[in-house]
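Subject: Structure for you to look at

Dear colleague,

Here is the structure I promised to pass on, with my notes on it below. Please read them with the model open beside you.

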Amino acid sequence: MAFEPPRRLVRALGETAPEGDDWLEKLPGLAREAVERRELTVERVQLPGGRSSLVVLVRRADGTPAVLKLAPPRARPESERVALAHWGGRGAVQLLEPVSEGAEGAEGSEGVLLLERLHPDVSVRTLPEAKALLEAAGTLRRLWVDPPEGHVFETVAERTGRQAKAMRAGADAAPEVAPLVDAALSAREELLDSPPEHRLLHGTFRQSKVLSGDRMPWLAVGPDPVVGEHAFDLARLVRDRVEDLIAQPSGATTTRRRVRRLAESLEVDRDRLRGWTLFRAVESGVRARRVGRERDAELLLEFASWL
């Protein structure tokens, strides 16, 4: 079978690929090798797929349905492997290969994850908005556990520190966004002064990352794990369906109400949630502008202005 990378993946990785990165060129061969090594039967490549990995629906030698996921090193697939193993299927998709077979260097396993098959076309985004937020928040709560001892996950301070540098550069190139960037960076500094907890977080949680399953009604997929406070993880969920929020005459009011309700339902400080929501929205908006996604940038920065 030909493993043609989906257009969405090619476009997204093309926006961020460092010079000389040839992972996309190698991907078809990597996929064939991973399938043969595990004696898998390929059903189809999942379309439109994600923005950071190739997802292939497969069956194992015994006929069990599974998912084969291949991601480039810059997507931190080995961190994802360790986090999924630590969660052990509690609130997240089940890893079907032990960490010792991949994260500790089994040949041909780096960047390749074999996962429990969920229902890839059914996420909580298919539910009415209020129900979707409720189910997504309940799933996220189950992921908030102590990180494994001696972990090497990135911290919120480290990740946002890298992002802050790019945001400052973006503000220098586009002075009109400077006030929002300044507000977001100030919020970050205040929030990092006294984080209330250091827990293992999903890192990139949103409604589309919660899929229907057989073992449990809803399970999270695609983490980019990080260690820090709950409010950082919840912040990305606040702006879900941002295009719908922007289209509403009462979008600003709805956003502030969503912050309050999510903070109360998950026992997170409202001001901390608002602060991290501001930072993450501005960071995403500046990044979208940097790679030429002007429409996305406009939506995100307008949303951020409401906070």
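Helix H2 (23-38) and strand S2 (54-59) are among the elements that cover the buried residues of helix H1, where helices (H or I, at least four residues) and strands (E, at least two) are DSSP runs numbered from the N terminus. Those buried residues of H1, which spans residues 7-16, are Leu9, Ala12 and Leu13; buried means under 20% relative accessible area, exposed over 50%, and partly exposed in between, with a 1.4 Å probe and protein chains only. They cover an arc of only 90° around the axis, which puts them on the same side of H1, the arc being that of the directions from the helix axis to the C-beta atoms. Arg7, Arg11 and Gly14, on the other side of H1, are exposed. As background, an α-helix has 3.6 residues a turn, so residues three or four places apart point the same way.

Before going further, please keep in mind that this is a predicted model, in which local features need pLDDT of at least 70 and side-chain atom pairs count only at pLDDT 80 or more, while totals for chains, interfaces and linings use all residues. Residues are numbered from 1 along each chain as its sequence is written, and side-chain values use heavy atoms, with hydrogens and water left out.

Taken as a whole, the chain has 12 helices and 9 strands. Its radius of gyration, taken over C-alpha atoms and compared with a globule rule of 2.2 Å times the number of residues to the power 0.38, is 19 Å, close to the 19 Å that the rule gives for 307 residues, so the chain is as compact as a globular protein of that length. Buried residues make up 51% of the 307 residues.

Leu113 lies in strand S4 (residues 112-116) and counts as buried at 1% relative accessibility. Leaving aside neighbours within four places in sequence, Leu113 is in contact (heavy atoms within 4.5 Å) with residues including Val67, Leu68, Pro77, Leu84 and Leu95.

Val286, in turn, lies in helix H11 (residues 270-290) and, at 6% relative accessibility, counts as buried. With neighbours within four places in sequence again left aside, Val286 is in contact with Ala166, Met167, Gly170, Val181 and Leu301. The C-alpha atoms of Val286 and Glu15 are 271 residues apart along the chain and are separated by 14 Å.
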